[in-house]
Number of protein chains: 2
Amino acid sequence: MEHLQQSFTVKFEYNVFFTAGLFEVGNNILANFLSQTKSAAQRKIFFVIDAGVAEAHPQLRSQIKNYFATHTAVKLVPEMLIVAGGEEVKNDTQHFDQVVEAVNTYGIDRHSYIAAIGGGSVLDMVGYAAAVSHRGIKHIRIPTTVLSQNDSGIGVKNGINYFNKKNFLGTFAPPVAVFNDELFLHTLNERDWRSGISEAIKVALIKDANFFDWIEEHTTALAQRDMMAMAELIWRCAKLHMEHIAGADPFESGSSRPLDFGHWSAHKLEYLSNFEVRHGEAVAMGIALDTVYSQLSGRLTPTDSQRVIDVLITLGFEVTHPLMQVNEGKSPLLAGLEEFREHLGGQLTIMLLSAIGMGEEVHEMDAALLEEAGHVLANKTHQQLQ
Amino acid sequence: MEHLQQSFTVKFEYNVFFTAGLFEVGNNILANFLSQTKSAAQRKIFFVIDAGVAEAHPQLRSQIKNYFATHTAVKLVPEMLIVAGGEEVKNDTQHFDQVVEAVNTYGIDRHSYIAAIGGGSVLDMVGYAAAVSHRGIKHIRIPTTVLSQNDSGIGVKNGINYFNKKNFLGTFAPPVAVFNDELFLHTLNERDWRSGISEAIKVALIKDANFFDWIEEHTTALAQRDMMAMAELIWRCAKLHMEHIAGADPFESGSSRPLDFGHWSAHKLEYLSNFEVRHGEAVAMGIALDTVYSQLSGRLTPTDSQRVIDVLITLGFEVTHPLMQVNEGKSPLLAGLEEFREHLGGQLTIMLLSAIGMGEEVHEMDAALLEEAGHVLANKTHQQLQ
């Protein structure tokens, strides 16, 4: 049969910059990036800011205005959009609509920029709106939490929730640049400081035993908000995530998602708890569940399993939640397995551990073992309280 | 300053198959394509069909059911979605919502398929919904018009209209396969048969003088609905479009859009006429306008300009429209120049002709010359009536 064959490759490149005080007028890192591209037409930059960040940094908007009064390669849109932070911004599509409307109102074209400052949820929502407006406006991410600086903010995915399903709508669309500013970490509350550490533990457990050893040695420093330790954790975690994205299947055409260790139950718990449990907290519980499951199914030694749980508890994480328990074979959590499969499509593929630093994919989960793992963890939580 | 560098390439491949009678049970072309991929999980296929096609082919749905009763590599979702054809399907977001809801209702995962049967507007809308559901469901295109078989349906773009602006929302997302079935062309009305020919004239004029010569020799055959001539026209036009996409800048990161000869005014006319003028008809008028403008600005010889106009008129196209006229320097059409620039961003870039088969980009258009070109064409239309 006659046919025409189409084949082409598209190259994607971006840098993740690490700095402190991105919008101090003397800091040229953002200005240099924006000056790299020459254009005959006036390019603009439009900012969307997480309400929590705007509140914790009341000078931020005037700092940005001062910055662009000095650095003029790109014209600042003086109006900035403040949006709710956390999962709320992904659940209610009006926030997405506001960004798309701003693109129209302020005439943001495809050579202009939409910059998002905030946690992972705000970056996900703004990234999606930028990706579909005019078939893709240049997107700059300025993540402000541990979680977004070491994981979600430096990757290639975006999305919003729909039909009560996480990231039901979204695309793969790399940003043009990411700026990790450690000053934003100082004002995080305890929960947000801690939350993002679970993604570092996750990637260490499935990919890098040395990094897990390092985390184990620095649990106290991290718990006590040592910024040097946190900066190293974020750098190493971001590097592992970025290498993974570039190395394998950036736009996830396969059925597995090897980085999503501990995530099938975490995604479901977030919904079941009405997002009272934060993503990073849910991931810590998901890691604990799949670690103990790995042990009970004979993959991981009890000693290594205990090391993981000890690190989580020392950092102050809860390692389970009543909604993560399976009782007499029943739990709303179990539907999370099918939803996880459905989102990726194809065969169910779950990452477990065969050792610290070594992941192993399986294609089914045993409800009885999940029940037992939940009970083991309920006791661990209890021990923590003693 | 410290930074991590991300860099990767993504390969995109798909075939455009040419056939007659795609859903005849004995035609294995679609079944073979669907059998190529092996999967442990049951894959599904969901069909969205242009209402005009469903009406002209009342047996289509039962044919599809028979086909998948015999060819079982992929499970047919028996419910099919019928949507309005033409620009309406891109103007009203409820159609997009219906496809996204179907993804949820029927559990269409990322290894399953959404197939769209219809004209370019239906393919654009369904392609967009598929691209953003679960961050991208495999999309099969079955274009049913000349325009979609030789241009829009075989490319990598999708989109819907928003804020009264064409393709304001959309993505670059290649289909996994395209099936051009010539049987659908037999039932096209006169306007739809003719419309798509203008995109072939366009690509010939800017890229391939031999192809324009061929079209010139076959204008009568094409006007008389000679299927052999039309099949060759579609093949050559699709090939030129696909080579262009692969060769240059598939996801259009630059400011120019070299294939959009005649399109800046065509896009605007479609809106100004409330879509009473079809895309292909508007493109014919846009080609005529920019051809005569090329002549009046000293780029193109009067003889070559006349050849283009003669081909359009012989095929039955109108070469201008009252809404395309500029009078005393004023016309709603002129706003189309800025909108065209804004959609692509950067500098205004318009393709003109320096010879038949040779495009030339310019960065400004002169309103007085556009006015004169409009008047020249108004007379050509008049001559045609004599």
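1. Chain A and chain B together bury about 6,600 Å², and carbon and sulfur atoms account for 58% of it. Buried area is the accessible area (1.4 Å probe) that two parts lose on being put together, summed over both. On the chain A side, A:Leu4, A:Gln6 and A:Arg135 lose the most area to chain B, together 15% of what that side buries.

2. A word on the basis. This is a predicted model, where local features need pLDDT of at least 70 and side-chain atom pairs count only at pLDDT 80 or more, while totals for chains, interfaces and linings use all residues. Residues are numbered from 1 along each chain as its sequence is written, chains are lettered from A in the order in which they are written, and side-chain values use heavy atoms, with hydrogens and water left out.

3. The contact (heavy atoms within 4.5 Å) takes 71 residues from chain A and 71 from chain B. The copies meet through the same surface, because 100% of the interface residues of chain A are also interface residues in chain B.

4. A rotation of 180 degrees, with 0.0 Å of shift along its axis, superposes chain A on chain B (RMSD 0.0 Å). The two copies are therefore related as by a two-fold rotation axis. A:Val10 is the residue of chain A that comes closest to the axis, at 2.7 Å (C-alpha).

5. Four salt bridges are counted between chain A and chain B. The term means a side-chain nitrogen of Lys or Arg within 4 Å of a carboxyl oxygen of Asp or Glu. A:Asp109 forms a salt bridge with B:Arg341, with the closest N and O atoms 3.3 Å apart.

6. Now look inside chain A.

7. The area buried between domain 1 and domain 2 of chain A is about 2,200 Å², and carbon and sulfur atoms give 69% of it. In domain 1 of chain A, A:Asn150, A:Lys166 and A:Phe172 lose the most area to domain 2, together 26% of what that side buries.

8. Three salt bridges are counted between domain 1 and domain 2 of chain A. The side chains of A:Lys157 and A:Glu252 also meet in a salt bridge (2.9 Å, N to O).

Terms used. Copies are superposed by least squares on the C-alpha atoms of residues with pLDDT of at least 70 in both.
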